[in-house]
Amino acid sequence: MFSTETMADKDYGVDILDWEDSRPEEFSFIKHMIAGSWAGIMEHWGMFPFDTVKTHIQASTQKMGILTTAKKLYKENGISRFYKGVNVIASGCIPAHAWYFTTYEVAKETFGVDDGNTHFLISGLIGALATLSHDAFLTPSDWIKQRMQLTGLSTLQWLKETIRQEGVRALFRSYPVTLMMNIPFAFTLVSANENIKVYARPKDHKHPIIVYFGWAFIAGMISSFLTNPMDVIKTRLQTQHHNSSLHSADKDAWKAEAEKLGGRLEVEDSEALKEAKYRDVRHAVKEIYKAEGASGFYKGVVPRMLFVSPGVAISWGTYEIFKSMLIKDS
């Protein structure tokens with residue numbers, strides 16, 4: 001790993017601590033994709049335990065505290081219980097983040113936002129555009145991942161049973177609400193990241209990468225709080241009839257079915273599964289509000305902020321570091 005001072009003292013024809021400067025011609029988009037892939041892996045792997053806790057809280061119609069949920073998960077199967085489904089999201093986030101950052105770089109060059117001036121609207125739109133390709137890749141993986149987090153069953157079991165009982169379209173059922181959540185999230189995040197540097201001038205600081213991490217963290221915190229209601233809706237659309245395995249009744253049911261069927265997922269009332277509990281966004285909003293009130297839309301907001309904020313900082317910081325190293329290699 002190269003220190004900030006070492007990087008700054010060398011001249012590679014481009015300031016490698018500033019990701020809005022023009023890249024060298026030989027710095028191909030393949031390298032942007034590599035840097036983006038590593039950013040996604042570091043983000044999701046590092047923050048996955050918080051995501052698991054958040055999913056259990058949001059999927060449950062009962063009130064569940066953060067520490068209580070974490071303790072129950074740990075008691076179930078130790079640390080590994082927090083990482084159930086990480087393999088699925090890791091495989092999905094590699095192409096998703098690769099295309100996210102590639103789209104981001106292409107759009108920046110296309111719209112010419114590298115002139116050192118503020119472009120709040122355009123940079124925000126670039127973030128929104130990047131998330132379109134990102135979510136198309138990640139939504140099916142996120143669907144399977146959340147069900148694995150809740151029940152502890154395997155990737156293949158969930159994929160087979162989801163397609164058999166709900167059809168392939170079920171894997172993309174939450175794509176519209178995911179976009180409704182992530183477009184304003186990405187708009188806010190990228191606009192803040194791009195434009196704050198014009199005023200804060202992080203390159204004037206002794207440790208500019210720390211400044212980049214800090215502002216990404218703050219932008220992630222604000223964005224995750226504002227978009228939590230859509231995340232709750234997305235979680236309910238993806239998990240449907242499947243509640244948290246931490247509830248004793250649900251836990252016993254999952255265990256009995258898994259033992260009876262050799263790990264194959266089944267329930268007594270298969271017809272109930274075929275009919276979605278939450279048909280679409282409007283229906284989900286209505287049902288959640290009727291059963292849980294307005295507070296239901298902010299379930300899991302604290303673990304989500306704990307998951308998203310450092311995740312954003314890790315993702316953008318890792319992308320910057322790997323991009324810097326690859327530019328140096330070029």
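His134 sits in helix α5 (helices, H or I of at least four residues, and strands, E of at least two, are DSSP runs numbered from the N terminus). This is a predicted model, in which local features need pLDDT of at least 70 and side-chain atom pairs count only at pLDDT 80 or more, while totals for chains, interfaces and linings use all residues. Residues are numbered from 1 along each chain as its sequence is written, and side-chain values use heavy atoms, with hydrogens and water left out.

**Overall composition**

- The protein contains 13 helices and zero strands, and its elements run α-α-α-α-α-α-α-α-α-α-α-α-α from the N terminus on.
- Of its 330 residues, 52% count as buried (under 20% relative accessible area with a 1.4 Å probe, protein chains only; exposed is over 50%, and partly exposed lies in between).
- Contacts (heavy atoms within 4.5 Å) between residues at least 6 apart in sequence join residues at least 24 apart in 83% of cases.

- Helix α4 (residues 86–111) packs against helix α5 (residues 120–151) at an angle of about 170°, and their axes are 8 Å apart (axes are lines fitted to C-alpha atoms, for helices over the stretch in contact, with angles from 0 to 180 degrees between N-to-C directions).
- The two helices, α4 and α5, are therefore roughly antiparallel to each other (over 145 degrees; under 35 is roughly parallel, 65 to 115 roughly perpendicular and the rest oblique).
- By class, the contact of α4 with α5 has 18 nonpolar, nine polar and three charged residues (Ala, Val, Leu, Ile, Met, Phe, Trp, Tyr, Cys and Pro are nonpolar, Asp, Glu, Lys and Arg charged, and the others, Gly among them, polar).
- His134 has 11% relative accessibility and so counts as buried.
- Leaving aside residues up to four places away in sequence, His134 touches Ala96, His97 and Tyr100.
- Between His134 and Thr103 the C-alpha to C-alpha distance is 9.1 Å, at a sequence separation of 31 residues.

**Asn195 in helix α7**

- Asn195 belongs to helix α7 (residues 175–200), and its 2% relative accessibility makes it buried.
- The side chain of Asn195 makes a polar contact of 2.9 Å with the side chain of Ser123 (a pair of N or O atoms within 3.5 Å; within protein, one must be able to donate a hydrogen and the other to accept it, and residues adjacent in sequence count only if both atoms are side-chain atoms).
- A polar atom of the Asn195 side chain also lies 2.8 Å from the backbone oxygen of Ser191.
- Not counting residues up to four places away in sequence, Asn195 touches Asn117, Thr118, His119, Phe120 and Ser123.

- Helix α9 has 12 residues and reaches 16 Å from its first C-alpha to its last, close to the expected 16 Å at 1.5 Å a residue (the expected span is 1.5 Å times one less than the number of residues).
- α9 is mostly covered, with 12 of its 12 residues buried; among them are Asp231, Lys234 and Arg236.
- Gln240 follows α9 and has a positive phi, near 50°.
- The axes of α9 (residues 228–239) and α12 (residues 281–292) come within 10 Å and cross at roughly 100°, so α9 and α12 are roughly perpendicular to each other.
- In α9, Val232, Ile233, Arg236 and Leu237 meet Val281, Ala284, Val285, Ile288 and Glu292 of α12.
- That contact of α9 with α12 has seven nonpolar, no polar and two charged residues.

**Helix α3**

- Helix α3 (residues 66–77) has 12 residues and reaches 17 Å from its first C-alpha to its last, close to the 16 Å expected at 1.5 Å a residue.
- Gly78 comes after α3, with a positive phi near 70°.
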